[in-house]
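Thanks for coming. I will walk through one structure, from the overall chain down to a few residues. Please have a look at it first.

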Amino acid sequence: MRTRVAIIGAGPAGLFLAQLLDAAGIESVLVERRSAEYVKSRIRAGILESASVRLLREAGVGDRIARDGIEHRGIHLQWPGERRHLDFVDLTGKSVWVYGQTEVTKDLMAARERAGQAAFYEVSDVELHDVESDSPAVTFTDAEGRAQRIDAEIIAGCDGSHGPSRHSVPRQHRRTLERTYPFAWLGIRADVAPSTDELIYAWHPDGFALHSMRSPTVSRFYLQVRPDEDLADWSDDRIWDALSTRLGLDGWTLHPGPITERSVLPMRSVVTSPMRHGRLFLAGDAAHTVPPTGAKGLNLAIADVALLSRAIAEWLGAGDTRLADAYSDTALRRVWRCTHFSWWMTTMLHRHGDEFDAGLQLTQLQRVAQSSAAATELAENYSGIPIEGLP
Ligand code: FAS
Ligand code: PHB
């Protein structure tokens, strides 16, 4: 089959790119190795920058966010005995939204179906061909076991941190920089009303804890654990005890409830460059991974795709390749800014090293809570820095 853009991966990056290209009148075909049900069931990110919400709304997929999303003014930072609120709206004029990535994926998949554009799920053997030529292609085996080929003008690699696309950038051209952290997150979803109005990021001698949420009746929590942690070692009681200890504050109570999902999430920073080779463009986790402490992963994927969709529309629509030629450098400037912020939040809030390290972390937290300049730096990064070239 022939199309203008072949998109590999139906996560937020691939689905949002498909939606934006469709809005620009550019046909695409999307291939995904998992089933649509599996993709829709994945529980991942929970925070949208207000710019991400605006982009999703402008793309026609913002109705449910407006109905079910929860707008937050800021976050709470906590260390033993202290909990301080950072008000992003006061500091930067921008809020953030609680709206699960699972819901974003459902909204984008529904939009894809409405657009009636081709999407192949449960594919295998995906291979990219001739990305340096003017006629690149993607071959794969479809869900019925048939060999398929897509001849395209452009290939968008949106296949996440374990997909094949980045490996189509020849090794001599590709640079991958990585930092692995000496800890992981144990994430749980619980059917209980949040015990807080806004997210709590807590430093504690036992380890970091985060109180997030998904709705007025569903909470999401994360605990710092060892990278090789065995989920079987964490009973419900042990989880709630650790959360109560690490989030504990005089006069405040954590309300437990039924745990409906639990998983261990490794913590890594990865940046692959360039994000373009020939007619292959990388977007989202296919090019970069951030530790989730800064709530940047999903928002970075959305920002990459906002840039990429404009670059493709200019190229295929008007024959103007300037945005496409600048895409990798433009996207990587934001990737590195978000990579630094995610690293900074992660190293400030997670216990590692010795008491000297703890002293450095606590003074940094207190500085952020007491200095409007320091608080503004966190607020500007967390609520989202402007996307270069976008209004
Ligand atoms: P994705 O990984 O979401 O999507 C890539 C898609 O490509 C997947 O559907 C995959 O099945 C598909 N694919 C892979 N190989 C393929 C192949 N060979 N052929 C076809 N398709 C292929 N971020 C946060 O901000 N907060 C969080 O709490 C958070 N939690 C996370 C938990 C987990 C377990 C993971 C893995 C990530 C988490 N993230 C979190 C980061 C996450 O939200 C990503 O940033 C976001 O999913 C990026 O979206 P995509 O780039 O679309 O990549
Ligand atoms: C979440 O709700 O899943 C979440 C929120 C904030 C983060 C990471 C994850 O920094």
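Helices (H or I, at least four residues) and strands (E, at least two) are DSSP runs, numbered from the N terminus. This is a predicted model, where local features need pLDDT of at least 70 and side-chain atom pairs count only at pLDDT 80 or more, while totals for chains, interfaces and linings use all residues. Residues are numbered from 1 along each chain as its sequence is written, chains are lettered from A and ligands numbered from 1 in the order in which they are written, and side-chain values use heavy atoms, with hydrogens and water left out.

With those run definitions, D230 sits in the loop between strand 16 (218-225) and helix 7 (236-247). Is D230 buried or exposed, or partly exposed? Buried means under 20% relative accessible area, exposed over 50%, and partly exposed in between, with a 1.4 Å probe and protein chains only. D230 has 40% relative accessibility, so it counts as partly exposed. From D230 to S263 there are 33 residues in sequence and 9.8 Å in space, C-alpha to C-alpha.

S212 belongs to strand 15 (residues 209-215). Its relative accessibility is 5%, so S212 counts as buried. Contact means heavy atoms within 4.5 Å. Setting aside neighbours within four places in sequence, S212 is in contact with L199, S219 and R220.

Now the whole chain. The protein chain has 11 helices and 20 strands. Its radius of gyration is 21 Å, close to the 21 Å that the globule rule gives for 391 residues, so the chain is as compact as a globular protein of that length. That radius is taken over C-alpha atoms, and the rule is 2.2 Å times the number of residues to the power 0.38. Along the principal axes, the C-alpha atoms fill a box of roughly 65 × 45 × 40 Å. Of the 391 residues, 57% are buried.

What about the interior? A nonpolar core is a set of buried Ala, Val, Leu, Ile, Met, Phe, Trp, Tyr and Cys residues joined through side-chain atoms within 4.5 Å. The largest such core has 74 residues, and those with the most contacts inside it are V5, I7, F16, L17, L48, L56 and I312. Helix 8 (residues 297-318) gives the most to this core, with 13 residues. Apart from that core lies another, of 33 residues, including L77, Y181, F208 and W344.
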